[in-house]
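Have the structure open on your screens, and I'll walk you through a few spots in it.

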Amino acid sequence: MNIIKLHAIDSTNSFLKELARKEPLPDFTVVTTQNQTAGRGQRGNGWYSTAEGSLIFSVYKIFDHLPVIQHFKISMMVSLALIEAFQLFDIPEIKVKWPNDIMAGNKKIVGILVENNLMGEFITSSVIGIGINVSVKSFPDLPQAGSLSFSSDSVINKEELFQSILKSLGTHLANLRNVRFEELKTLYEAHLFRKNVISVFEDPLSGKRFNAVIKGISSQGELVIETEEGLMSQVGVKELRLLF
Ligand code: BTN
C-alpha cells in the first residue's frame, strides 16, 4: 500500500486530488495527517479535528467500469467497511445515517466525503476522505458530534484502528465490482439509522418541518421516506435534513 504521512495539510482530500491530477497514482494510495487545518465536509461545511483525538485520512481508489448511476455503491461499501472495523473494537450502537455519516448512538463519530472523477458515464476514480473522532473531548457548536471514546470503556489505539479500517476498506472496495447494488442495499439498510421510526425532517429551502419514517433507500441511493399521510417519497441529499 502506498501511504503518505504528513505532519500538517489543509485537507487530505484536496492534497490527494491535486496529486492525482499531477501524476498517475497507484490504486489505494492513502494520505493521512496529524493536523488538518482546513478540513472539508459535505455541503460545503468544514470538518473539525484535533491532532491527538482525530483520525484523518483520504484514499485514492481506481474503479473499473463503475457507472455514475451506481455512485452510491461507494458510500455503501465505505460505510459497511467502517462498521465492520468498529465492530472489531466493540463499539456499541453503530449505525449509518444516510447518506454516509457513521453514528454511535445519537452522536456522529465519522464523516465521509467522496469526490469522484468522471469520464463520460463512468466513475474512473474517487478520493474518499474519512474523518474519525476517536477521542476528541468537545466539539465547538456541534451538539450532534461525538467520539468513539464516549462509547468505549477501553482506550482505543489510533494506529491499530487505522490499520484495521484500511484492511477492511481495502477488501470491501476491491469487491465493489462483484457485489450487485441490490445486495449492498440490503446490507446497508440493515444498519440504517432511525429506520422504521418516526423522525423529524426539515426542508432546507422552506425551513418547513415534518414527521416521516425512513423506509430504506432507492436504487439510486436516495432516501425513501413515508410521510404521516402515508405517502412514499424518494429524496436527495439537498432536499431534506434529518433532525431526529
Ligand atoms: C462530513 O461533512 O460529514 C464529511 C467530513 C469529511 C472529513 C474528512 S477528514 C479527511 C478528508 N479531508 C477533508 O478535507 N475532508 C475529509
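Predicted model: local features only at pLDDT ≥ 70, side-chain atom pairs only at ≥ 80, totals over all residues.

Phe210 comes out as partly exposed, with a relative accessible area of 25%. You'll find Phe210 in strand E9. Which residues does Phe210 touch, if we leave aside its neighbours within four places in sequence? The list is Ser199, Val200, Phe201, Asp203, Ile225 and Leu240.

E9 covers residues 209–217, and five bridges join it to E10, with the two strands running antiparallel. For anyone new to this: strands of a sheet pair through backbone hydrogen bonds, either parallel or antiparallel. Together E9 and E10 make a hairpin with five residues between them. In that turn, look for Gly221, which has a positive phi of about 85°.

Now follow the chain onwards. E10 also pairs with strand E11, residues 232–235, again in the antiparallel sense, over four bridges. Here Val224 has Gln234 in E11 as its bridge partner. E10 and E11 form a hairpin as well, with four residues between the strands, and Gly230 there takes a positive phi near 85°. Why do I call E10 largely enclosed by the rest of the structure? Because four of its five residues, 223–227, are buried.

Let's move to the other sheet I want to show you. It's an open sheet of seven strands, in the order E1-E2-E3-E7-E6-E5-E4, and the pairing is mixed. Which strands stand at the edges? Those are E1 (3–9) and E4 (94–97); each has a single partner strand, so one side of each is left without a neighbour in the sheet. On average, neighbouring strands of this sheet are turned by 20° against each other, ignoring direction. Then there's helix H2, residues 72–88, which packs on the sheet and touches E3, E4, E5, E6 and E7. The direction of H2 makes about 145° with that of E6.

E2, residues 29–36, and E3 pair in the antiparallel sense over four bridges. Val31 stands opposite Ser58 in E3. Also in E3, which spans residues 54–67, is Ser54. Is Ser54 buried or exposed? It's buried, because its relative accessible area is 4% and the cut-off for buried is under 20%. The side chain of Ser54 reaches the backbone nitrogen of Thr50 at 2.8 Å. Beyond its neighbours within four places in sequence, Ser54 is in contact with Ser49, Ile132, Val134, Val136 and Lys158.

Next stop, the ligand. How many residues surround it? There are 20, and the closest are Ser11, Gln36, Arg40, Gln42 and Lys108. Let's take three of those. In Gln36, an N or O atom of the side chain is 3.0 Å from a nitrogen atom of the ligand. Gln42 uses its backbone instead: an N or O atom there lies 2.7 Å from an oxygen atom of the ligand. For Lys108, a polar side-chain atom lies 2.6 Å from an oxygen atom of the ligand. And how much of the ligand does the protein cover? On its own the ligand has 420 Å² of accessible area, and the protein covers 98% of that.

Asp90 isn't a glycine, yet it has a positive phi of about 55°. Asp90 is found in the loop between H2 and E4, and it's exposed, with a relative accessible area of 65%. Asp141 also has a positive phi, near 55°, and is likewise a residue other than glycine. Asp141 is in the loop between E7 and helix H3 (148–151), and it's exposed at 77% relative accessible area. Finally, go to the loop between E4 and E5 and find Pro99. The peptide bond from Trp98 to Pro99 is cis, with omega near 0°.

Conventions:
Residues numbered from 1 in each chain as written. Heavy atoms only, no water. Buried < 20%, exposed > 50% of the residue type's maximum accessible area, 1.4 Å probe, protein only. Polar contact = N/O pair within 3.5 Å; in protein donor to acceptor, adjacent residues only side chain to side chain. Contact = heavy atoms within 4.5 Å. Pairing = 2+ DSSP bridges. Axes fitted to C-alpha atoms, helices over the stretch in contact; angles between N-to-C directions. Near = heavy atom within 4 Å. Areas by Shrake-Rupley, 256 points an atom, 1.4 Å probe, with all protein chains shown as cover.
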